[in-house]
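Q: I'm new to this one. Can you walk me through what holds its side chains together?

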Amino acid sequence: MATAMNEEIAAPLLQKSFPCQDQSDYASSPIPQSPDYLENSPIEQVALTVPITDDPSLQTLTFRTWFLGALACVLLSFLNQFFWYRREPLSISSISAQIAVLPVGHLMAATLTDRVFFKDRKFEFTLNPGPFNVKEHVLVTIFANSGASNPYAIHIVSAVKIFYKKRMSFLVALLVVFTTQVLGFGWAGVFRRYLVEPAAMWWPQNLVQVSLFRALHEKEERAKGRLTRNQFFLIAFVCSFSYYVLPGYLFPALTSVSWLCWVFPTSILAHQLGSGLRGLGVGAIGFDWSSISAYLGSPLASPWFATVNIAAGFTIFMYIIVPIAYWLNLFKAKNFPIFSDGLFTSTGQNYNISAIIDSNFHIDMEAYEREGPLYLSTLFAMSYGVGFACLTATVVHVILFHGREILQLSKSAFQEKKMDVHTKLMRKYKQVPEWWFICILVVNIAATIFTCQYYNDQLQLPWWGVLLACFLAIFFTLPVGVIAATTNQTPALNVITEYIIGYIYPGYPVANICFKVYGYISMKQGITFLQDFKLGHYMKIPPRAMFIAQVGGTIIAAFAHLGTAWWLMDTVPDICDRELLPTGSPWTCPGDHVFYDASVIWGLIGPRRIFGDLGYYSTINWFFLAGAISPVLVWLAAKAFPNKPWIKLITMPVIFGAVVNMPPATAVNYTSWILIGFASGFIAYRYYRGWWSCHNYVLSGALDAGLAFMGVLLYLCLGMEHVSLSWWGSESDRCPLASCPTNPGIIVKGCPVF
């Protein structure tokens, strides 16, 4: 494999004293080969970023690792859960902790005693084994990663307690959160050999953190007239930190500059077209990094081919499918806003969900008949259709384009197989036995079945539902993992879990969302764990140390996230209730509203009454067929034109999956993301390769970190004291008519009647 790798790419290694290069050092011409170039990864971005050296003598699971890791995990869990309920959810990535813990680690190394406790015994240890090293730093970041991602299971708690106003005990909530997280860990262990060890599974997002680790730890010679990576990071961090005071407080309108609405302030059509937050976003652009990276991750970490696929998917959906459906008035589209996550009656009014729920938390059919069918906005309905297509496209794409590789990996699982340089280096360490993960998986599934059976009055999900959810999770982890590992995008397949349980077990909303969490979210959590495994793989962290850090971080994060959510639900008056909250309140919970809507659509009312033979949206099921056919067409085109390698880069799951986050994601989240992705992935990577290899991922980390620190500072200093500004720039978007219906006779407050 080494020979094959070097034939495919020979990239210069970034040694510890490797100075940042001028673009002329790389240019766009082939990189010259010489005897000095050693074996490296076949993925050029990896070869340019990840070192091929290792120091096995470095300490890993030290006292500093545990202390700083637990602290970072708790703080990130608290902050991310705290900001999750707000109108503009601020996601604080582990990169912030990665930066913040470094000086603390060095301080502990300088001040803690180096005394050895229980010397010459089995449990010998010291608080200070020497200088704070990069492997300790990586493990602290792995802890922090556990707190950086919000446990999706907390949506269940929010839906039941806040929206349905039903009872759920803290113990039941904790069991659901905990079993979901650990179930994902089991799936990750099962699929390590397919999604971590192969070089082709390169996980682009990890290169941001690898670059940052190197910038923070490696001594780099500064070329004359140029900046080292560390200096560049500090400058970019200060700029990001300082700038965020504008969109974060002084000038929120920068989040979405929708100039069409300013030019035509009384035109509904102009507002529908131009609104970046409630319309199609034509010409809208955002100057707020939190908005740009909110739903698709950092555009600087996206491979160019993935960015093109996302741009194509967004363009087709937003500027072809949705406008055609709306202006042809399909599904009574003009009775409702063109873009909304709301649930409506046929006359465009908000649907009264509480009126169709009986005392047993089940659908009241007589009340439902009185209220009438439930309707969705055009974009919401079409996004479900695209979700159907994404599901079938993912399975077919992976079978056609990666099926042979997966089969070969399966056959060679117990045989000696060729490995890339990073896998060879990792073979020096003791591996985590497969049976560790199997035991965790079996015990956790048993605990999940017990929880759902014993607390069935609160969770509604029967034992067979848990087993079916586990089957779906294990079936989809591999195809979704392949897409995530190669494109930096994770197809959202939650719709299939909602669809299946909604048909089999209709009328039980909590059962539906529990099934979704165990069937889809546990798989998504497994993908996150696999990404962490790959980060450890790149940074040469002993696998057993990674295992312990991930288990520890998972347990700590479950308690911290749920505790924060429970506290907010008990202390913030009318949290998530947009009608009762005071004007301008940030506690509007956009993500939880979409989750609640889905529980009504798929669980309470059921897919048969919406997308089935009894529903108004049954034709949307044709998207399943479209999704299955589309990868076949790409595969046939690639076979017919083998001299056109770009055809294989057309990734239909990414094209369809580009917009599955809409809503709550909005048009401006995409337009700005695509522009920056073009500047980084095409212009910088193609024409300024030296700058890109040294600074691209470092810039991404600096922007994330500066935003996070200023966001927290603004809230602590101004938000908690309710200090706000009110002027023209305080109102984002300024497109109030974008949410108005346009059918004659539909009356909605604040909108003209046609």
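Q: Which residue forms a salt bridge with Asp 457, and how far apart are the closest N and O atoms?
A: Arg 167 forms that salt bridge, with the closest N and O atoms 3.5 Å apart. A salt bridge here is a side-chain nitrogen of Lys or Arg within 4 Å of a carboxyl oxygen of Asp or Glu.

Q: Before we go on, what kind of model is this?
A: This is a predicted model, where local features need pLDDT of at least 70, side-chain atom pairs count only at pLDDT 80 or more, and totals for chains, interfaces and linings use all residues. Residues are numbered from 1 along each chain as its sequence is written, and side-chain values use heavy atoms, leaving out hydrogens and water.

Q: Back to Asp 457 and Arg 167. Where do they sit in the chain?
A: Asp 457 is in helix H21, residues 456–459. Arg 167 is in the loop between helix H7 (154–163) and helix H8 (170–190). The two are 290 residues apart, so the pair links distant parts of the chain. Helices (H or I, at least four residues) and strands (E, at least two) are DSSP runs, numbered from the N terminus.

Q: Are those two buried or exposed?
A: Both Asp 457 and Arg 167 are exposed. Exposed means over 50% relative accessible area, buried under 20%, and partly exposed in between (1.4 Å probe, protein chains only).

Q: How many salt bridges are there in the whole structure?
A: A search finds 8. Among them is the pair of Lys 516 and Glu 498, at 2.7 Å from N to O. Lys 516 lies in helix H24 (residues 509–538) and Glu 498 in helix H23 (residues 494–504), so this bridge ties together parts that are 18 residues apart in sequence.

Q: Why does Lys 516 count as buried?
A: Because its relative accessibility is 1%. Glu 498 is also buried, at 0%.

Q: And what does Arg 608 pair with?
A: Arg 608 forms a salt bridge with Asp 613, the closest N and O atoms being 2.8 Å apart. Arg 608 is partly exposed, with a relative accessible area of 40%. Asp 613 is exposed, at 57%.

Q: New topic. How many disulfides does the structure hold?
A: It holds 3. A disulfide is counted when a pair of cysteine sulfur atoms lies within 2.5 Å.

Q: What does Cys 261 link up with?
A: Cys 261 forms a disulfide with Cys 735, their sulfur atoms 1.9 Å apart. Cys 261 is in helix H13 (residues 259–263), and Cys 735 is in the segment after helix H30 (689–719). They are 474 residues apart. Both are buried.

Q: Why is that disulfide right-handed?
A: Because the torsion about the S-S bond of Cys 261 and Cys 735 is about 105 degrees.

Q: Which way does the link of Cys 576 and Cys 589 go, left-handed or right-handed?
A: That link is left-handed, with -80 degrees about the S-S bond. The sulfur atoms of Cys 576 and Cys 589 are 2.0 Å apart. Both residues sit in the loop between helix H25 (543–571) and helix H26 (590–605), 13 residues apart.

Q: What about Cys 740 and Cys 751?
A: They form a disulfide too, with sulfur atoms 2.1 Å apart. The link is left-handed, at -85 degrees about the S-S bond. Cys 740 and Cys 751 are both in the segment after H30, 11 residues apart. Both are buried.
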